Amino acid sequence: SAEIVKKYDDPRVHLISKPNEGVSLTRNFGVEKANTPLIAFLDADDLWAPQHLERLLDLVTACPEAGLFATAYQKKYANNITLPIDTPLQNKEAGWMGYVDDFFKASLIDCIAWTSAVAIPKVIFQEHQGFDAKITHGAGEDTDLWVRIALSHKVAYTNTITATHVMDSENRISNTPTLKRSYMNLDAYEEQAKTNSSLKRFLDINRFSFALQHKMAGDTKTAKAYQHKIDPNHLNAKQRALLNLNAKSLIRLRKFQDYLRHKRLYLSPFKR
């Protein structure tokens, strides 16, 4: 890709090389070098529709007080199966844009913010010190930043899909084995969750996901630690049942889910 970029003779395009220090430090470095007031991201394995940046700018114009701007996105799986983000905001009229009443409530199935579908004012990004480099290999770097911004700033959203999150890329950092990843510290937000029920439920949904990942990786101690902090009332019946299964059963179910997806059938524990 670097060789392709070098072919562009355009003052708006800058190619910056640096040693590989992980995704968070690399993104933070890129933002530091940027000379514009608004930052948008595009991961190597994701896609922007031609009008993506235009829609983001429309959102900035419509909602200038926001600290995070997000467009709807879709997920592309193997066998060309593409599914739109699942959030109540997609049920609003087509082309809706505006401030989000409750970021965490809107993000209980799919998070409405995805790295390749957001824009952040550079001043807001720097105010929150960017992505946390202690979180590694796609274990919540982005989610952690969205939480920090959403707790202190308005979030703006449009339900027009302008980006694609490619889920089956072989080189995705989230394919890194669980035990080699350093996960987001969900406990850091527990104090705020005491007065924010949507945040508490959002944290518990993420604990559920982290618990399953660790159980399937054979780390039952960490899985139980996550599970112990979950309010079971925040989970649906499928999620509660999955937490009680052993690693072998969970791995079989994951393989069955992948099989069904190749048959163009999609089952998710995040839907009731």
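The exercises below, each with a worked solution, walk through some features of this structure.

This is a predicted model, in which local features need pLDDT of at least 70 and side-chain atom pairs count only at pLDDT 80 or more, while totals for chains, interfaces and linings use all residues. Residues are numbered from 1 along each chain as its sequence is written, and side-chain values use heavy atoms, with hydrogens and water left out.

**Exercise 1.** Find how α8 and α9 are oriented to each other.

Solution. Begin with the extents: helix α8 covers residues 197-216 and helix α9 covers residues 220-228, where helices are DSSP runs (H or I) of at least four residues and strands are DSSP runs (E) of at least two, numbered from the N terminus. Next take the geometry, in which the two helices pack at an angle of about 165° with their axes 8 Å apart; axes are lines fitted to C-alpha atoms, for helices over the stretch in contact, and angles run from 0 to 180 degrees between N-to-C directions. Angles under 35 degrees count as roughly parallel, over 145 as roughly antiparallel, 65 to 115 as roughly perpendicular and the rest as oblique. The helices α8 and α9 are therefore roughly antiparallel to each other.

**Exercise 2.** Decide how far apart D58 and R55 are within helix α3.

Solution. The side chains of D58 and R55 meet in a salt bridge at 2.6 Å, N to O. Both belong to helix α3 (residues 52-62), and because they are three residues apart there, about one helical turn separates them.

**Exercise 3.** Describe the setting of Q129, which has a positive phi.

Solution. Most residues other than glycine have a negative phi. Q129, although not a glycine, has a positive phi of about 60°, and its place is in the loop between α5 (122-127) and α6 (141-150). At 70% relative accessibility, Q129 counts as exposed.

Note on methods. Buried < 20%, exposed > 50% of the residue type's maximum accessible area, 1.4 Å probe, protein only. Salt bridge = Lys/Arg side-chain N within 4 Å of Asp/Glu carboxyl O.
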